[in-house]
Amino acid sequence: MSSNRPRVVLHVDMNAFFASVEVKERPWLAGRPVLVGGTGRRGVVASASYEARTCGARSAMPMGQARRLCPQAVVLPGNFELYHSYSRRLHEVLARFSPLVEAVGLDEAYLDVSGAGGLFGPPEAMAASVRQQVRAELGLDCSVGAGPNKLVAKLASKAAKPRACRGRLLAGPGIVVVAEAEVLDFLRPLPVASLWGVGPAGAARLARLGVTSVRQVAALSPGALEAALGRVAGKLLHELAWGRDPRPVQPGRPAKSVGREETYAYDLVSADEMRLRVARMADAVASRVRRSGQAFRTVTLKVRYADFTTVTRSHTFPAPQVSGPVLAGQAEALLGGLGPAGGVRLLGVSASGLVPAQACPGHQLELGLALPGQSRAEAAWARVSAAVDQVRARFGDEAVAPGSALARAAPRTGKGSAPAREG
Amino acid sequence: MKLRCERDTMLEALSLAARASSGRSAPTALGGVRLQLQGDKLGVTGTDQDLTIATTVAVAGSGDGTVVAPGRLLTDIVRALPAGAVSVQGDEEELHVSAGRAEFVLRPYRVADFPHLPAPAQSAVSLPTAGLAEALRQVVRAASSEDSRPVLTGVLLAAEPDGLRLVATDSYRLAVKELHDAAGVLPEGQRVLVPSRALAELQRLLAGGTVAVEMRLGPRDLVFSVGEVQLTTRLIEGEFPPYQQLIPFNYPNKLVVAREAFLDGIRRVRLVARDATTPVRISLRGDSIELNVVTVDWGQATEQLDAKYEGAEMTIAFNPQYLADGVEAIPGDEVVLETLDSLKPATLKPTGAADYLYLLMPVRVS
């Protein structure tokens, strides 16, 4: 790719992806507010249709609150198999526009189209054909932002989205293109939290300095920012506020992690129950990793207590792994001495360090030695895992679970599976 | 206790005994080496209670006595002393070591704290030194080093009608050696499980050349005497797993390949496998084989070798270290690799003799 050609990055973001897929699959839901997410007492909204958003519901909001705001909403637990299949089709469309497509979650992607100008016309035209083809082949709407880098493209797609405002739905432009020369004007009015890497803590620290907009950040000296946020974060934020984002579009980068979190309707108060939940989630996560043709190296466990104290622990294996019991065993080991303390409201298990399964160094088989007290567990588990995956491919994730995860029916917990949030 | 001797004599005895003393432990008598002077004979003993190595050297003694010195420290000191005569003198309070104008005063351990060592059984049998050294070289490598499965850290010595059989496995590979000229070494039907660490030390002792080896079997331990050195090892308790049914009777696929070329090829291609778990794939077809290592991070390596292959076209993958260990253990110029399929145990053996076999489980690759 020639470096003197101006860089053009598209950010394609599906509108209310999970909810829209549900509506597409069940046309009678069209026009009704739809909430997808955990349906239990502490479930969280993973996706809200725009109709639901006009009532004030939004993703990441506790489901209870969303239902109070929008009592007429149809609440669905989510069907991730289905969302995955739509996501695959989305990427088939995007692949026609550039070989440089970086997937972010199921419903977002960056495309580096710097080299494709001659083929598809200027960014506006290209963005329009992306939208049109996604619409034609998936039957879903997306928003497309274009800019000289990932930061600007992402903010542009956000500006292109429909918005719910004071109970009414405002149609978005669908496409927003920010040319190099317009970047600073585009960024400056935005709130500082829209910059990549500014979380609630960073935003609060800046607010104490009276800094709330990108304009104000850009006006600060790098030194002042570094003093407020630390050296690395300060330097980065200064660059971003000036519209500079060197991150490349990394094509084909698969999901960085696969995980699952559950928020419980009632706090878990026994260590056994914690282990049970962790084992069950670990098994499901391993299954999803295998389905994606990948292997994992790192297992992370997350425990959030009733007082919102959150503990995260992780372990990295020397070699990639695929088996559910290995993941579950490690997750349980990480759980180790963590007791329920004052109650556990959320547990999460994730697998990261994902590599293609072919790069998995393979599995050293064992001789069938009959050792007292020693099972030939690993080899046997590999076969079991394969069978489990086949069952799940046909009948869904819940069709089969390890006995340890079923040991006790859960009398007091809601089905609060909280999938990754969508934007 | 007071003596003088050549530095190198002392050093040799100390480093030998210190191999058995537990080096990393806190300063306790187990990390010590016992020096026992009787007349002009100095006994030097190190032990961690599982393994004991004792040797005797001739010195100029002038006062009998026993001292337990910090093993590794004393060895390091003696090694660093100038060449020539070393004087050692001491009691339970202080140990003086000097040579030339250098002098060290060490604090010894209490002699009473040094482990009590069992007296070896009386009846000794002789072992064929050369055959034993080769058998140890071929078998010890297959034993496990994981303490979680103690039985597999041992080498099985089993009395067979036509000799002594040595067997070791770490559950990934299995080595079996028949030592034909060692019939009657163990009573008929007797099986003992000897820690591989002790046999590795025995192997080192035998590497020096051909000396007589004697063996004494006690109820809980086994003693090997090699010249002036006595190596005592605790036996592993427990039943060695049945292994004979794991060895397939016949194989449909047979590869014959030059040993050195095979070994060199494996060593070359495995260079790109930066971790121990990346397998080497062997493609078997016609009269050449291909070795292949593929990694995501570092790239790949391929090497073709001339070979004689009869059987179905197939690819089988192995842990390169385990494979190299097996090939290296085979005597002679050629190696036979026999396989069933890519998921079943394969066998490495020499072309001629039928007294050695190395069974190896493949790595399943996607």
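Chain A brings 17 residues to its contact with chain B, and chain B brings 25 residues. Please keep in mind as you read that this is a predicted model.

**Where the two chains meet**

Let us stay with this contact for a moment. Between chain A and chain B, about 1900 Å² of area is buried, and carbon and sulfur atoms give 64% of it. Which residues of chain A lose the most area to chain B? They are Gln364(A), Leu365(A) and Leu367(A), which together make up 35% of what the chain A side buries.

The contact also has charged and polar pairs. The count of salt bridges between chain A and chain B is one. In a salt bridge, Glu366(A) is joined to Arg149(B), with the closest N and O atoms 3.4 Å apart. For polar contacts between chain A and chain B, the count is five residue pairs.

**A three-stranded sheet in chain A**

Now look inside chain A. Here three strands make an open sheet, in the order S3-S2-S4, and their pairing is mixed. The edges are strand S3 (45–48) and strand S4 (74–76) of chain A, each of which pairs on one side only. On average, neighbouring strands of this sheet are turned by 25 degrees against each other, if direction is ignored.

Strand S2 (residues 34–37) of chain A and S4(A) run parallel, and three bridges join them. You can find Leu35(A) standing opposite Val75(A), a residue in S4(A).

Is Ser47(A) buried or exposed? Ser47(A) counts as buried because its relative accessibility is 0%, and buried means under 20%. The side chain of Ser47(A) reaches the backbone nitrogen of Ala19(A) at 3.1 Å.

**A loop residue in chain A**

Arg188(A) sits in the loop between helix H8 (183–187) and helix H9 (200–208) of chain A. Along the chain, Arg188(A) and Ser213(A) are 25 residues apart, yet their C-alpha atoms are separated by 6.8 Å. Leaving out residues up to four places away in sequence, Arg188(A) touches Ser213(A), Val214(A), Arg215(A), Ala218(A) and Trp242(A).

Over in chain B, strand S12 (residues 163–169) has seven of its seven residues buried, so the strand is largely enclosed by the rest of the structure.

| Strand paired with S12(B) | Direction | Bridges |
|---|---|---|
| S11(B), residues 154–160 | antiparallel | five |
| S13(B), residues 173–179 | antiparallel | six |

Leu164(B) is a handy residue for tracing both pairings. In S12(B), Leu164(B) is the bridge partner of Ala159(B), and Leu164(B) also stands opposite Leu179(B) in S13(B).

How many residues lie between S11(B) and S12(B) in their hairpin? There are two residues between these strands. S12(B) and S13(B) form a hairpin as well, with three residues between them. In that turn, Ser171(B) has a positive phi of about 80 degrees.

**A buried threonine in chain B**

Our last stop is Thr45(B), which lies in strand S3 (residues 41–47) of chain B. Thr45(B) is buried because its relative accessible area is 5%, and the cut-off for buried is under 20%. What is Thr45(B) in contact with, apart from its neighbours within four places in sequence? Its partners include Ala17(B), Gly32(B), Val33(B), Arg34(B), Phe114(B) and Leu117(B). Thr52(B), Ile53(B) and Ala54(B) are also among them.

Technical notes:
Residues are numbered from 1 along each chain as its sequence is written. Chains are lettered from A and ligands numbered from 1 in the order in which they are written. This is a predicted model: local features need pLDDT of at least 70, side-chain atom pairs count only at pLDDT 80 or more; totals for chains, interfaces and linings use all residues. Side-chain values use heavy atoms; hydrogens and water are left out. Two strands pair if DSSP finds at least two bridges between them. Helices (H or I, at least four residues) and strands (E, at least two) are DSSP runs, numbered from the N terminus. Axes are lines fitted to C-alpha atoms, for helices over the stretch in contact, and angles run from 0 to 180 degrees between N-to-C directions. Buried means under 20% relative accessible area, exposed over 50%, partly exposed in between (1.4 Å probe, protein chains only). Contact means heavy atoms within 4.5 Å. Buried area is the accessible area (1.4 Å probe) that two parts lose on being put together, summed over both. A salt bridge is a side-chain nitrogen of Lys or Arg within 4 Å of a carboxyl oxygen of Asp or Glu. A polar contact is a pair of N or O atoms within 3.5 Å; within protein, one must be able to donate a hydrogen and the other to accept it, and residues adjacent in sequence count only if both atoms are side-chain atoms.
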